[in-house]
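Visitor: Please show me the model, and then let us go through some of its side-chain contacts.

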Amino acid sequence: MIRTLLTLRLAPEKVPDVLELYRSDDILQYSLDHSEALTSEISVAADGSGEVLVTALWPDSSAYQGWLDNPWRAGSSAKLSELLRDAEVGAGRIFEIDHDVRKL
């Protein structure tokens, strides 16, 4: 299993616009419905710095690649690119999960 992590560093006043785009275009739900993603979330730094993390859990890297190849992403990426024009966007990273524990 893998976790993907995308870091967005925005001007703090841009964060609500990015979150609204994720909500209005239903980006996280669409990715779950049209890929093999198991979970997905978007998180905002509590310190008001403007840092946003987008993470997802995947069964393997080929499942994630299937999402990267999804043509729908081009449309949402264009809108997001406009909002992120002056932001620092980190390279998407893949982490292999060694083990986990959960409460049921």
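Visitor: Which residues does serine 35 touch, not counting residues up to four places away in sequence?

Guide: This is a predicted model, in which local features need pLDDT of at least 70 and side-chain atom pairs count only at pLDDT 80 or more, while totals for chains, interfaces and linings use all residues. Residues are numbered from 1 along each chain as its sequence is written, and side-chain values use heavy atoms, with hydrogens and water left out. Contact means heavy atoms within 4.5 Å. With the residues up to four places away set aside, serine 35 touches Trp58 and Trp67.

Visitor: Which backbone atoms lie 2.3 Å and 3.1 Å from a polar atom of the side chain of serine 35?

Guide: Serine 35 sits in the loop between α2 and β2 (39-44); helices (H or I, at least four residues) and strands (E, at least two) are DSSP runs, numbered from the N terminus. At 2.3 Å it is the backbone oxygen of serine 31, and at 3.1 Å the backbone nitrogen of alanine 37.

Visitor: Which residues of helix α3 are buried, and why do they line one face?

Guide: Buried means under 20% relative accessible area, exposed over 50%, and partly exposed in between (1.4 Å probe, protein chains only). In α3 (residues 61-68) the buried residues are Ala63, Tyr64 and Trp67. Seen down the helix axis, they fall within an arc of 100 degrees (taken from the directions from the axis to the C-beta atoms), so they line one face of α3.

Visitor: How are the rings of tyrosine 30 and tryptophan 72 paired?

Guide: Rings of Phe, Tyr and Trp (its six-membered ring) pair if their centres lie within 6.5 Å; planes under 30 degrees apart count as stacked, over 60 as edge-to-face and the rest as tilted. By this rule there are four aromatic pairs. The centres of tyrosine 30 and tryptophan 72 are 3.9 Å apart and their planes are at 20 degrees, so the pair is stacked.

Visitor: How many residues apart in sequence are the parts that this pair ties together?

Guide: Tyrosine 30 is partly exposed, with a relative accessible area of 22%, and tryptophan 72 is partly exposed at 25%. Tyrosine 30 lies in helix α2 and tryptophan 72 in helix α4, so the pair ties together parts that are 42 residues apart.

Visitor: Is tryptophan 58 buried or exposed, and how is its ring paired with that of tyrosine 64?

Guide: At 2% relative accessibility, tryptophan 58 is buried, and tyrosine 64 is buried at 15%. Their ring centres lie 5.3 Å apart with the planes at 55 degrees, so the pair is tilted.

How values were computed
Polar contact = N/O pair within 3.5 Å; in protein donor to acceptor, adjacent residues only side chain to side chain.
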